[in-house]
Amino acid sequence: MTGGSQTFLRRTDALVARPLLSPNGQPVAARNLSFSPDGRYVVFTEGVALMKAPVEGGQATTLAPELARGVSSWYGSAWAPNDTIYLGNFSYLDRKSTR
């Protein structure tokens with residue numbers, strides 16, 4: 001991670017927040033976060049990559065190293081019950097499987 005931004009996760013019944021960690025164990029500045037339908041995972045973008053991490057702690061795994069060629073900005077995500085992640089911006093919609 002470069003710069004000063006960092007993303008933390010905290011349970012609603014806890015006082016302490018944990019940093020969200022990349023696959024190499026470094027803190028991340030995540031964007032476009034969305035929780036799995038069962039609440040066990042969070043999916044997010046960092047740069048052009050799509051990643052998934054367990055909410056209870058642990059390192060993220062990369063689902064897609066590059067989402068869509070030429071698209072550098074995403075403005076939201078949604079995790080559907082069929083394990084499909086939808087990401088969109090003003091002119092493009094992409095979907096990726098979490099499997």
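## Salt bridges

A salt bridge here is a side-chain nitrogen of Lys or Arg within 4 Å of a carboxyl oxygen of Asp or Glu. The side chains of Arg-40 and Asp-38 form such a pair, with an N to O distance of 3.6 Å. Because the cut-off is 4 Å, the pair at 3.6 Å counts. The model is predicted, and it holds 3 salt bridges.

Arg-11 takes part in two of the pairings described here. One joins the side chain of Arg-11 to that of Asp-13, at 3.0 Å from N to O. Another joins Arg-11 to Glu-56, at 2.8 Å from N to O. This second pair links distant parts of the chain, 45 residues apart: Arg-11 is in the loop between β1 (8–9) and β2 (18–19), and Glu-56 is in the loop between β5 (49–54) and β6 (61–64).

## Exposure of the charged residues

Asp-13 is exposed, with a relative accessible area of 58%. Glu-56 also counts as exposed, at 54% relative accessibility. Through shared partners, salt bridges join Arg-11, Asp-13 and Glu-56 into one network. Arg-11 itself is partly exposed, with a relative accessible area of 39%.

Asp-38, the partner of Arg-40, has a relative accessible area of 48% and is partly exposed.

Ser-36 lies in the loop between β3 (31–35) and β4 (41–46). With a relative accessible area of 6%, Ser-36 is buried, because buried means under 20%.

The side chain of Ser-36 makes a polar contact of 2.6 Å with the side chain of Asp-38. A polar atom of the Ser-36 side chain also lies 3.1 Å from the backbone nitrogen of Arg-40. When neighbours within four places in sequence are left aside, Ser-36 is in contact with Tyr-41 and Trp-79.

## The β7-β8-β9 sheet

An open sheet is formed by 3 strands in the order β7-β8-β9, with antiparallel pairing. Its edge strands are β7 (77–79) and β9 (93–97), each of which pairs on one side only. From one strand to the next, the twist averages 20°.

Strand β8 (residues 84–88) and β9 run antiparallel and are joined by 5 bridges. Across this pairing, Ile-85 stands opposite Lys-96 in β9. In general, strands of a sheet pair through backbone hydrogen bonds.

Technical notes. Residues are numbered from 1 along each chain as its sequence is written. This is a predicted model: local features need pLDDT of at least 70, side-chain atom pairs count only at pLDDT 80 or more; totals for chains, interfaces and linings use all residues. Side-chain values use heavy atoms; hydrogens and water are left out. Two strands pair if DSSP finds at least two bridges between them. Helices (H or I, at least four residues) and strands (E, at least two) are DSSP runs, numbered from the N terminus. Axes are lines fitted to C-alpha atoms, for helices over the stretch in contact, and angles run from 0 to 180 degrees between N-to-C directions. Buried means under 20% relative accessible area, exposed over 50%, partly exposed in between (1.4 Å probe, protein chains only). A polar contact is a pair of N or O atoms within 3.5 Å; within protein, one must be able to donate a hydrogen and the other to accept it, and residues adjacent in sequence count only if both atoms are side-chain atoms. Contact means heavy atoms within 4.5 Å.
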